[in-house]
Amino acid sequence: MFDHYIKLLKSGEVVAFPTETVYGLGADAWNLSAVKKIFSTKKRPADNPLIVHISSRAMLHPFAAEIPPEAKRLMDAFWPGPLTLIFKKKPDVLDAITAGLDTVAVRRPAHPLAQKLISQVGPLVAPSANSSGRPSPTRPQHVKEDFGEEFPVVEGGETQIGLESTVLDVSSVPFTIYRPGGISAEQIENIIKKSVETGSKSVGKQAARSPGTKYSHYAPEAQVRWLKDEEISDSNSVLYLLHTINPTNKAKNIIFFEENYEMMAHQLFDRFREADHQGYREVQVEPFTNLQLRKVPLAPAIQNRISKAVGPDD
Ligand code: TXA
Ligand code: MG
């Protein structure tokens, strides 16, 4: 089966595969028609650029025009892993990948199946393998829900982290996080010994320089809201996701993560999709305090995905 997927990718088809974050929808990064198939399969707006996935440091060179020394240190520390770096791009990189920007996003995933695929096919562009706007897939079945039972998926069980990589722009100073993820701002700052800009401080720059961040994402059919005033009902139309509020009643519509934020990240998108399967009309999530956002490495990433699902009006 694996050889069949390699053949498909080499012939310009798209194939979904597991990474340690979420499943990706892969295509040969040097084949324009394959790259275009990604946009049509996902119904993704053409102005939202793609991440190039590599399996060795040498594979970076045809893409990145400049690699700052601090970026090298970050690669030493976090690659392979859930950190995407944005570099000034080389002229040959397809415009379809970068959406016409002068930068390119690159990541070296840690999943052995992803590495095996890339080392045999070459660099793959891979957005999350969901229809645009749906929660990212953390299981093969999620990919099939969005693209059909027959869709080619390299099966690798559940993904470990469950949220997409941290996206960090290293093409200009100060380095800027466009999307929080598995590697926190503090972990990055500890390596480069400089501060990085994050979401709220960089909103204008972000909209102009990381078009994907403006799109609403990750939403199930059920309405996602932040829980207000700790008001928990036993209504069977509302699913509650709690992390510190210990529910006295162990009702089946309450999921309590007991401050296990790895578990919350790991399950979040699956819980969103399950909420739809189980017919919930609303998912209410316990908000994060400022202290949690500062102290818990995964809290900004989890909060970011939930805020996107909530949308601008709540
Ligand atoms: O964990 C992940 O990153 C997963 C797995 C499959 O690797 N991939 C993923 O890809 O989440 P995608 O396409 O769903 O998200 C890519 C994000 C988007 O927000 C996009 O706008 C941003 O990265 N991006 C890509 N290239 C960029 C660039 N040149 N400049 C700024 N932002 C960029
Ligand atoms: Mg995505």
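This is a predicted model: local features need pLDDT of at least 70, side-chain atom pairs count only at pLDDT 80 or more; totals for chains, interfaces and linings use all residues.
Good morning, colleagues. I shall begin with strand S4, residues 83-88: five of its six residues are buried, so the strand is largely enclosed by the rest of the structure.

What are the pairing partners of S4? Strand S7, residues 166-169, runs parallel to S4, and four bridges join the two. Within this pairing, Ile86 has Asp169 of S7 as its bridge partner. S4 also pairs with S5, here in the antiparallel sense, again over four bridges. In that pairing, Phe87 stands opposite Val104 of S5.

Strand S5 leads us to the ligand. Of the elements around ligand 1, S5 gives the most to the shell, with four residues.

Which residues come nearest to ligand 1? Of the 27 residues around the ligand, these are Thr21, Asn48, His53, Ser165 and Ser210. The side chain of His53 has an N or O atom 2.6 Å from an oxygen atom of ligand 1. For Thr21, a polar side-chain atom lies 2.7 Å from a ligand oxygen. For Asn48, the distance between an N or O atom of the side chain and an oxygen atom of the ligand is 2.8 Å.

How much of ligand 1 does the protein cover? On its own, the ligand has 680 Å² of accessible area, and the protein covers 97% of that. Strands S3 (51-53), S5 (103-107) and S8 (176-179) are the elements that give two or more residues to the shell.

Thank you for your attention.

Key
Residues are numbered from 1 along each chain as its sequence is written. Chains are lettered from A and ligands numbered from 1 in the order in which they are written. Side-chain values use heavy atoms; hydrogens and water are left out. A residue is near a molecule or strand if one of its heavy atoms lies within 4 Å of it. A polar contact is a pair of N or O atoms within 3.5 Å; within protein, one must be able to donate a hydrogen and the other to accept it, and residues adjacent in sequence count only if both atoms are side-chain atoms. Accessible areas come from the Shrake-Rupley method with a 1.4 Å probe; for residues, only the protein chains shown count as cover. Buried means under 20% relative accessible area, exposed over 50%, partly exposed in between (1.4 Å probe, protein chains only). Two strands pair if DSSP finds at least two bridges between them.
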